[in-house]
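Hi,

Here is the structure I promised to pass on.

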Amino acid sequence: MKFTTFLAIAAAVKLIAASPSRITPRDSNGKATVDVSKKTGPAKFLGSNFIYGFPDNGEEAQTVIPDHFLTDIKFNACRAGGAQTVFTGWGAGGYDQYIGRFKSTLSNYRSTRKFNGDFILLIHDLWGADGSSSDSALVPGDNGNYSEFEKFLAQLKKDINENDMLDGLVIDIWNEPELEIFWKRSWEQYLDYYVHATALVRKYFPDTLISGPSFAHAPSLDNEKWNTWMDVVAGNKSLPDRYSWHQIGSWERQPDTTVPDFDTLRSSYNLPKKPIDLNEYAWTDEQNPSTSVYYLSQLERHNVRGLRANWGSGGGLHDYLANLVYKNDAGEYHPNGEWHLYKYYASMTGDRLATSASDDLLFDVFSTISDRHVKILAGTRTIQAPYDVSVGKLSALGLPRDGKIGIRTYRFDWNGQFADVKSPVDLGCSKYSIVSDQVRFLIPSGFDGHILPKCI
Ligand SMILES: *[C@@H]1O[C@H](CO)[C@@H](O)[C@H](O)[C@H]1NC(C)=O
Ligand SMILES: *[C@@H]1O[C@H](CO)[C@@H](O)[C@H](O)[C@H]1NC(C)=O
C-alpha cells in the first residue's frame, strides 16, 4: 500500500538517561486534537525567538555562533538592552555607565538584523534597573521630576539615529515593574512613569513601535496591577502598539486561559485589540523539548509572538541563544536537544491547523499542513504521562472516512543544556486505522526505546 497523504508526528519527550526501561502504554490521561479541515493562517514561527543570547562584539554583529544555528530555526526576534555587563547604566552612573550598555545593545541589534529579526529594546536595562542597582539610584520620575529621563532619551535618540537603528525596532517601556528588583518605587510612580515615558518615546521616536507593559505576571481578571495599568493607559491614551507580558511557569497558567482573561479586561476598559508579545516564556525547568512544544502550541493557537526567557547570568546571558546551543572547550558551538526541536518547528511551513489542548491543559499539539502533508508536534508540560492525539476530519484530505493511514513518528530527546542528542530520532512509519473520519494514537509516557514498526 502506498500512502500519498501522511502525517508526521514529532513527539517531544524528556530523555530519562538513568532509566532506559521500556514503558508499556497505559491508559491515556486525555487527548489533544487537530482538525485538518480548519486552517488558521500561514505558519510564521512565532516562537523561534529569545531574549539576549547573542555574544557581544563591540558595536558589531556577533560572528562566533555560526549563522545556520539562527537560519535553521527561522529566528525572527530578540530583546535586549545591555544588562549584566560591567557597566551600571544611566541611572547609577550617567552617560559613562550608559554608553557601554548601549554598545552591547547595538551589537545585539546588528546580530538580530542580520536575520531580519525585530529587536525589542529594553529601556530599563539601559537605565540600569536590572537588579544590580542600589535603592538610592535614581528612578525615572523621582520627586515628580523627569528631566534626567528626558536627557537619557535624548541621548538614546541621538545614538539610535547615528547608528541607523530604527529598522525593525520596538521600544519596551519598562520590564517587570511589579517586581521590586526592576522597579524600586511605588506603583503610583510606575503608572505615572508609564504615561510620561510613552508620551516622550512617541515624541522622540514617532515611527517606532512601543511594547508594554511586559509584566512579570500574566493577566488575570482580579489582578490589581493589570487593572490599574489598563485604567491609566485608557484614560491617558498611552497605548502600546504591542501588548506584552511574561508567561513563565505553571502558576501563571497558559495562553489558553490568560489570553481570554486579557481580552476580557481589555474590553472592559475599552482598549482596542492589538498584537501581543509574550516577550519572555518558560521557566527554567520548562526549557526542554516537550514543554517547549507545549508553549509553541499555545502561542500559535492564540497568534501571539513569543520570546524564550533566558536564565543565563552575566556572560551566560549574552551567549548560547538563550540555551539552545552550547560550546566546547575549543569554543565551537553545538546544538542541544531543544535546538533540534526548534529546527523541526521551523520546517512546519504552509498553513497552521486548528488544535486544542487536553482538558487538563497539560498536553498540547501544534500542527501544519503543506501539500496534503500534515505535521504535528506533541508535548506535555513538565510532567511525563501518556496522552492521545486525535486527528479529525481526515476526509478533508481526500482520505476515506474508514480506512488506513501511514504515520511516521520522530522522537525528540533531551539530555540537558550542554549535550547534543542528535535528534530527532526517526521511529519509522506505521499504519493506523481511520475510524469515523479520525485517527487516534497514543504518545506514551517517557517514550524512550519505543520503536514503531517500519513501513513496508
Ligand atoms: C529636576 O532634576 C534635575 C536634575 O536631574 C534638576 O537639575 C532640576 O532642578 C530638577 N527640577 C526640579 C523642578 O526640581
Ligand atoms: C493619567 O495618568 C495618571 C498617572 O500619570 C493618573 O494619575 C491619572 O488618573 C490618569 N488619568 C486618567 C484620566 O486615567
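The lining of the largest pocket is made up of 14 nonpolar, eight polar and six charged residues. One thing to keep in mind as you read: this is a predicted model, and all the values here are computed from it. The space in that largest pocket comes to about 480 Å³. There are 28 lining residues, and if you want to find the centre on screen, Asn175, Glu176, Phe182, Glu280 and Trp311 are the closest to it.

Next, the second largest pocket, with a volume of about 350 Å³. This pocket is lined by 17 residues, and those closest to the centre are Pro275, Ile276, His302, Asn303 and Val304. Two elements, β2 (31-42) and α7 (255-268), each give two or more residues to the lining. By class, the lining of the second largest pocket splits into six nonpolar, four polar and seven charged residues.

Which domains supply the lining of the second largest pocket? Domain 1 and domain 2 each contribute at least three residues.

That brings me to the domains themselves. The assignment for the protein chain gives domain 1 as 7-43 + 348-443, and domain 2 as 50-336. Their C-alpha centres are 33 Å apart. Where the two are in contact, 28 residues come from domain 1 and 27 residues from domain 2.

As for the interface, the size of one is often quoted as the accessible area lost when the parts come together. Between domain 1 and domain 2 the buried area is about 2300 Å², with carbon and sulfur atoms giving 53% of it. On the domain 1 side, Arg381, Trp414 and Gln417 lose the most area to domain 2, and together they account for 30% of what that side buries.

How many salt bridges are there between domain 1 and domain 2? The count is three. While you have the side chains displayed, look at the salt bridge that Glu300 forms with Arg352, where the closest N and O atoms are 2.9 Å apart.

Last, the cavities. The structure has two of 30 Å³ or more. The second largest cavity holds about 110 Å³ of space. Its lining has 16 residues, with Trp127, Ala129, Ser133, Leu138 and Val139 nearest the centre. By class, the lining of the second largest cavity has 10 nonpolar, five polar and one charged.

Cheers

Methods:
Residues are numbered from 1 along each chain as its sequence is written. Chains are lettered from A and ligands numbered from 1 in the order in which they are written. This is a predicted model: local features need pLDDT of at least 70, side-chain atom pairs count only at pLDDT 80 or more; totals for chains, interfaces and linings use all residues. Side-chain values use heavy atoms; hydrogens and water are left out. On a 1 Å grid over the protein atoms alone, a cavity is a set of points where a 1.4 Å probe fits but cannot get out, and a pocket is an open set with protein on both sides within 12 Å along at least five of seven lines; lining residues have an atom within 4 Å of a point. Grid points are joined across faces, edges and corners, and a volume is the space filled by probe spheres set on the points. Ala, Val, Leu, Ile, Met, Phe, Trp, Tyr, Cys and Pro count as nonpolar, Asp, Glu, Lys and Arg as charged, and the others, Gly among them, as polar. Helices (H or I, at least four residues) and strands (E, at least two) are DSSP runs, numbered from the N terminus. Domain bounds come from an automatic or database domain assignment. Contact means heavy atoms within 4.5 Å. Buried area is the accessible area (1.4 Å probe) that two parts lose on being put together, summed over both. A salt bridge is a side-chain nitrogen of Lys or Arg within 4 Å of a carboxyl oxygen of Asp or Glu.
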